[in-house]
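Here are my notes on the model you sent, as numbered points. Please read them with the structure open.

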Amino acid sequence: MLYREAGDFKTSYAKDQQTFPILFDRWGYFIMLALAFIVGPMIINDYWLNAVVLPFLIYSIAALGLNILTGYCGQVSLGTGGFMAVGAYASYKLMTSFPDLNIAFVIILSGGVTALVGILFGLPSLRIKGFYLAVATLAAQFFLVWLFNKVPWFYNYSASGQISAPERTIFGYAISGANALPHISYLFCLTFVVILAWGARNLTRGANGRKWMAIRDMDIAAEIIGVNPLKTKLTAFAISSFYIGIAGALLFAVYLGAAEVGEAFGITKSFLVLFMIIIGGLGSIFGSFAGAAFMILMPVLLKNIFVGQMGWPTDLAAHMEFVIVGGLIMVFLILEPHGLAALWRTAKEKLRLWPFPH
Amino acid sequence: MSANFYYGIEVFLNGLMAGVMYSLVALGFVLIFKASGIFNYAQGVMALFAALCLVGFQSGQIPFAHVINATFGTEIHHFGWHMPALLAIVCTLMMMILFAFLVEKFVLKHLVNQEPIILFMATIGLAYFMEGFGDLMWGSDIKKLDVGIPQGGNLWLEENTAFLGGDDFYGFYIDNLDIWATIFAAILVTALILFSQYTKTGRALRAVADDHQAALSVGISLRVIWVIVWSIAGFVALVAGIMWGSKSGVQFSLSLIALKALPVLMLGGFTSIPGAIIGGLIIGVGEKMFEFLIGAPFLGGATENWFAYMLALLFLVFRPQGLFGEKIIERV
């Protein structure tokens, strides 16, 4: 009824190409944003923040980043955990070396450092393709984790080998450290998510995004029509790593507070983010969010069911979770290889014609 | 010659042995990739699952005992009998064949004609599923696997080489298990080559590997071939599981050997059985020697975690299809 285009006439190309062409969608989006920014901070509490909301926000950034590389540019990467570690350690070194630097800049700079590392490890992608590249990115994963473990300079020679975030404030409110308030860290992360998602959406529908997709669909053909593979692949690696670095920095500084590299940024993180974009939908901004929400919420839900309701021991519940996650990935790939985003698209198509489908 | 030189040789020999162990896992990958174009990430977990089943059958564990206990409040653990090793191996092999059949029926059949990368991700899902399933079925505690393969240092070799290096050299230390693993690997590879060259099924396998559609058109059933290939890969996984399980106990980390096998594959090429063997040997020797010569003295150790990947990465930059892989021809 509400969800339709009849009477919604476009009079310019800009209007025709906007992200939410349907009025109802557009309003829905702005209302969601307003709710997230105004009502969200009022009702947020520690449990929800730490169990669901913060991981969701931070992993959506990581998923956006990996989706740019894998979903849009077609370069499969298993090095996400390693790049998140770069972001985290860069933010730690920046925070401790320049105590006066604003935390927001620290996070953005860490993203920049990660982008440089990403370009470095993206260089082989010009020669190596497909599976071979996926395995080559594992080199980044294992090498970076080893590096942060073995070179004491990165963790400031601390005895435990851990890094822990010192207290930093923004506009007088603590963001990191023990005194951080839930609604402030929520707003901080939410701002990053909104800006980065807006950026990703506009990057992927502009010239850059089209080049990425051309490379993804067939790189030789793209090269023939004048897409420079070197520049295109490396920008994808750089921007993707920038996003993933920011996610890593936020994960460390705002969410975890203290981290040990092998545990916090191991290979399981790489797979977690990869699953998010597979389940959410490769090559879709909405899919990155949907996948992140799914992969964060499902373990919480399963734990509540198996441990809370059925009284299973936690290790059994963890194994059951593996079975269910693995099973779901296979089911998704069989039934809907394009993920939750494709389901959402189908639902929207149906809604446009509802209740008179003919 | 100084003792250090002989220690270097010892490291080299042990690297070769470790390489054989990597090759055992890599073989399973190559078999499936050749026959179905699927890069089977679950190969490592298959080895874990096979080893878990073997231990479970041998010690007479009741499958899903933990789940049953947690749900119904019972206290069951074991049937109370001990199966002889050979019978348990046969039972496990049946399990792996059943597994191959189920995978084909419920997963692969539905993914025909999908892009390779989708299939790869499906096998990652399969790996997660199997890992959780294996733990649910047999419990996640570390188990000891003993099928009667001798273990410990080979005394004969140690005593007979001690004279080489003077007073502070005690002879080469090589684990009996590694020697047996090498022998089994040699038998396995010979058997596989004979099977694929001289039997009717083997010829069908090679036909499918060459061209799916052409094979279908001359009446070879893809689905039957896939079940056979996954069963053989299951058998290879069982051998790898026995060797690795005897060496380091049957536990979750066994599934991580899949990650170790990946650089081996890249080096040797995804489509070549000799490539898997030689790639394994190069990686095994390379990482042990690097750790011995450069890693431990200068870089703080534990370089084995990443050296194989870096070596493979550098290698691929110069030869993208690996050492023995088929040349990649790209057409628009």
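1. Helix α10(A) is mostly covered, with 22 of its 28 residues buried. This is a predicted model, so every value in these notes is computed from predicted coordinates.

2. The helix in question runs over residues 229-256 of chain A. From first C-alpha to last, α10(A) reaches 38 Å, close to the 40 Å expected at 1.5 Å a residue. After the helix comes Gly257(A), which has a positive phi, near 85°.

3. Chain A as a whole contains 15 helices and 4 strands. Its radius of gyration is 21 Å, close to the 21 Å that the globule rule gives for 358 residues, so chain A is as compact as a globular protein of that length. The C-alpha trace of chain A spans about 70 × 55 × 45 Å along its principal axes.

4. How much of chain A counts as buried? The figure is 45% of its 358 residues. As for contacts in chain A between residues at least 6 apart in sequence, 75% of them join residues at least 24 apart.

5. Turning to the two chains together, 43 residues of chain B are in contact with 38 residues of chain A. On the chain B side, α3, α5 (116-138), α11 (257-268) and α13 (304-318) each supply at least two residues. Which helix gives the largest share of that side? It is α5(B), with 17 residues. Sorted by class, the side of chain B that touches chain A has 32 nonpolar, 8 polar and 3 charged residues.

6. One residue of chain B deserves a separate look. His78(B) sits in the loop that lies between α3 (65-72) and α4 (85-106) of chain B. Is His78(B) buried or exposed? His78(B) is exposed, because 12 other C-beta atoms lie within 10 Å, and a residue with 12 or fewer counts as exposed.

7. Leaving aside residues up to four places away in sequence, His78(B) touches Ser59(B), Gly60(B), Gln61(B) and Ile62(B). Met289(B), in contrast, is 45 Å from His78(B) in space, C-alpha to C-alpha, and the two are 211 residues apart in sequence.

Methods: Residues numbered from 1 in each chain as written. Chains lettered and ligands numbered in written order. Predicted model: local features only at pLDDT ≥ 70, side-chain atom pairs only at ≥ 80, totals over all residues. Expected span 1.5 Å × (residues − 1). Buried ≥ 20, exposed ≤ 12 C-beta atoms within 10 Å, placed from the backbone. Contact = placed C-beta atoms within 7 Å. Nonpolar A, V, L, I, M, F, W, Y, C, P; charged D, E, K, R; others polar. Rg over C-alpha atoms; globule rule 2.2 N^0.38 Å.
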